[in-house]
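Please keep the structure in view while reading.

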Amino acid sequence: MNKVLIVDDEFQMRKLLRLYLGQENYLVEEAENGKEAIQKIEINDYDLMILDVMMPLVDGWQTLEQVRKISDIPVLMLTAKASVQDKVSGLSLGADDYLVKPFDESELMARVQALLRRSKKTVPDKEILNYKNLHMNLAAREVSFNGNKMSLTQTEFDLLEALLRHKGKVLSREQLVELVWGMEFLGEDRTVDSHIRNLRDKLKHAGADKSFVKTVWGIGYKIEA
């Protein structure tokens with residue numbers, strides 16, 4: 001049974017989310033601020049975190065930044081902040097998806113289910129992708145470059161896998177959306193750009209050339225064969 005952590009300082013919002021998730025038989029735990037959420041993630045395993053932005057003590061941005069240092073848990077940002085820059089900020093910090101309040105129950109549950117399906121997908125034991133100095137263990141969901149282990153979010157990992165499986169071929173944003181998020185994707189194509197930017201930063205930090213993932217202007221992205 002999937003276990004979801006709700007992080008929101010508003011009691012009524014936590015109550016509503018618990019109701020929606022409970023109807024689908026998810027196990028739910030709550031945190032009313034970022035500090036409490038980080039403490040819970042340090043000692044518990046969750047399948048998904050739903051995270052609000054505007055909270056006391058430690059806000060959603062700071063919480064997400066700290067969480068990404070210790071966990072690759074899928075994160076759905078749920079917030080009243082609707083600007084493009086706010087969405088980019090959340091995705092740049094490692095959020096997997098973003099939903100603006102007020103929201104429709106069916107859209108929320110569709111996003112939750114999509115994130116959980118992606119995180120639970122199975123691959124053959126010991127399936128490995130190697131490319132130059134990059135080593136990718138799909139079953140263990142581990143990536144290393146020059147022997148240095150990389151910490152990737154679920155979305156970054158899936159994007160890298162898609163590009164490696166189609167190396168030498170340019171993949172458009174639409175194709176990457178379908179390969180990574182699936183046909184149920186409810187966000188924007190430009191979401192891909194934010195995740196690619198994060199992936200490039202981590203590859204560069206691990207020692208990869210800045211052109212490891214190439215941009216083909218007006219079309220999409222590719223990894224050379």
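Axes here are lines fitted to C-alpha atoms, for helices over the stretch in contact, and angles run from 0 to 180 degrees between N-to-C directions. Helices (H or I, at least four residues) and strands (E, at least two) are DSSP runs, numbered from the N terminus. The model is predicted, with local features needing pLDDT of at least 70 and side-chain atom pairs counting only at pLDDT 80 or more, while totals for chains, interfaces and linings use all residues. Residues are numbered from 1 along each chain as its sequence is written, and side-chain values use heavy atoms, with hydrogens and water left out.

**Helix pair**
- Helix H1 (residues 11–23) and helix H5 (residues 105–120) have axes that come within 11 Å and cross at roughly 65°.
- Contact, meaning heavy atoms within 4.5 Å, involves Leu17, Tyr20, Leu21 and Gln23 of H1, and Glu105, Leu108, Met109 and Val112 of H5.

**Sheet**
- Five strands, in the order E2-E1-E3-E4-E5, form an open sheet with parallel pairing, where two strands pair if DSSP finds at least two bridges between them.
- At the edges lie strand E2 (27–31) and strand E5 (97–100), each of which pairs on one side only.
- Strand E1 (residues 3–7) pairs with E2 in the parallel sense over five bridges, and isoleucine 6 has glutamate 30 in E2 as its bridge partner.

**Helices on the sheet**
- Helix H2 (residues 34–43) lies across E1, E2 and strand E3 (48–51), and runs at about 135° to E2.
- Helix H3 (residues 60–67) touches E3, strand E4 (75–79) and E5 as it packs on the sheet, its direction making about 160° with that of E3.
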